[in-house]
Amino acid sequence: MEQRSIAFIGAGNMARSIIAGLIASGYDAKKITATAPSETRLAPLQHDFGINTDSDNLRAAQQADVVVLAVKPQLMADVCLPLQAVDFSNKLVISIAAGINSARLATMLDSQLHLVRVMPNTPALIGKGMSGLYADSTLAPQDHQFASDLLQAVGEICWVKQEADINGIIAAAGSAPAYFFLFMEAIQQQAMAQGFDEQTARLLVQQTALGAAEMVQANPETDLATLRQQVTSKGGTTAEAINTFNHHHLTEIVAKAMQAAVARAQEMEQLF
Ligand SMILES: NC(=O)C1=CN([C@@H]2O[C@H](COP(=O)(O)OP(=O)(O)OC[C@H]3O[C@@H](n4cnc5c(N)ncnc54)[C@H](OP(=O)(O)O)[C@@H]3O)[C@@H](O)[C@H]2O)C=CC1
Ligand SMILES: O=C(O)[C@@H]1CCC=N1
C-alpha cells in the first residue's frame, strides 16, 4: 500500500491495535507517529514497534499526510481546538471515535475535511480486525483507497453508505469483541465451578471459541443456525443448554444490548 506519513492523535488501546497490525503487515514504522500527553503508552509503542512518538499533537498533525483521531470522544473537542491551526486541505483525516459525526468533526477542526469515519475493533491488533468505514461522496478516490488499504492491513472492512450506519457497526463489531469476551468469561467461570482449574477452563473456552469462529469462516455457504443444529443432537446435552438460553431470552438480550450501544452512540453525538 501507499506509504503516507500517519499521525495517530491518541495512543491508547485502539491506536495500539491498529499500529501493531500495520507494522505486522509491513508498514514502514518511520512513517508512523503516535501522540499522547504522557509516556505511559508512547514508550511501549516506540519500544515494541519502532514508531515515532511525540507529546505535541499540533507538530505531529502538521507533519503528517494522514491524521488519525484516536482519543476518547469526550476529549475530542479539547484535542481538536489547537489543531484548528493545521492546514487540512491536503491531508486525510480519519476519525475512529464513536459518537462524533462528520459535521461535528468539521466544526471541531474548523475546516472542510477530507474525512473518513472508521469504526474498527481491537482484534486489529492481531490482523483480525473488522472495520466499518464511511465517507461522503466528495472524498477523492485515492483517499478512499488509502483508507481501505489501511484498515485492510489489519483485518476485514466494509464501507457503509450512510453515516448513521456507523452506529450499527459499533453495535455489531466495534463493541462486539467485549460481548464475546463476556460470554467466554461466563463459560470459563462455570467450567471452574464444575471443577476445572483456571488454565484448563481458559483452554476449553478459547479453543472452542476459536474452533467455532473458524468453522463459520470455513463454511460460508452454511448458515449459522445449521452449524448450531449440527451440534445439537435430539434429546441430548446441547439441546438442554440451548433450551435454557432460549428460556432466558438470549436473542432478545442480545438485541437489547446492541440497541443500547446504538442509543449510546446517538446520545454521544448530542453530548460531545
Ligand atoms: N477500544 C476500542 O475497542 C475501540 C475504540 N474506539 C474509539 O477509539 C478512541 C480511543 O479509544 P481507546 O483507544 O479505547 O482509548 P484509550 O483511553 O485506551 O486511549 C486514549 C488515548 O488518548 C490519549 N490522550 C488523552 N488526552 C490526549 C490529548 N490531549 N492529546 C493526545 N492524546 C490524548 C491517551 O493518553 P495517555 O496514554 O497518556 O493516557 C491515550 O493514549 C475512542 O474515541 C473510541 O470511541 C473505536 C473502536 C473500538
Ligand atoms: O466502548 C466504546 O465506546 C468504544 C467504541 C467501540 C468500542 N469501544
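I began with the fold and counted 12 helices and eight strands in the protein chain; both are DSSP runs numbered from the N terminus, helices being H or I of at least four residues and strands E of at least two. This is a predicted model, so I kept local features to pLDDT of at least 70 and side-chain atom pairs to pLDDT 80 or more, while totals for chains, interfaces and linings use all residues. Residues are numbered from 1 along each chain as its sequence is written, chains are lettered from A and ligands numbered from 1 in the order written, and side-chain values use heavy atoms, without hydrogens and water.

**Entry: overall build**

I laid a box along the principal axes, and the C-alpha atoms fill roughly 65 × 40 × 35 Å. Of the 272 residues, 39% count as buried (buried is under 20% relative accessible area, exposed over 50%, partly exposed in between, with a 1.4 Å probe and protein chains only). I then looked at contacts (heavy atoms within 4.5 Å): among those with a separation of 6 or more, 62% come from residues 24 or more positions apart.

**Entry: the two domains**

The domain assignment gives domain 1 (6-161) and domain 2 (176-269); such bounds come from an automatic or database assignment. I found their centres, taken over C-alpha atoms, 32 Å apart. Eight residues of domain 1 are in contact with four residues of domain 2.

How much area do domain 1 and domain 2 bury between them? I get about 470 Å², 62% of it on carbon and sulfur atoms (buried area is the accessible area, 1.4 Å probe, that two parts lose on being put together, summed over both). In domain 1, Gly99, Asn101 and Asn121 lose the most area to domain 2, together 54% of what that side buries. By class, the side of domain 1 that touches domain 2 has four nonpolar, four polar and no charged residues; here Ala, Val, Leu, Ile, Met, Phe, Trp, Tyr, Cys and Pro count as nonpolar, Asp, Glu, Lys and Arg as charged, and the others, Gly among them, as polar.

**Entry: salt bridges**

I used a side-chain nitrogen of Lys or Arg within 4 Å of a carboxyl oxygen of Asp or Glu as the rule. The count comes to six salt bridges, with zero between domain 1 and domain 2.

Arginine 4 counts as buried because its relative accessibility is 10%, whereas glutamate 2, at 43%, is partly exposed.

I also checked aspartate 54 and arginine 59, whose side chains meet at 2.8 Å, N to O. Aspartate 54 is buried at 12%. Shared partners join Glu2, Arg4 and Asp143 into one salt-bridge network.

Glutamine 188 sits in helix H8 (residues 176-193) and is buried at 18% relative accessible area. Leaving aside neighbours within four places in sequence, I see glutamine 188 in contact with Glu198, Ala201, Arg202 and Val205.

Valine 216 lies in helix H9 (residues 198-218). Is valine 216 buried or partly exposed? Valine 216 is partly exposed, because its relative accessible area is 38%. Not counting residues up to four places away, valine 216 touches Leu224 and Leu227.
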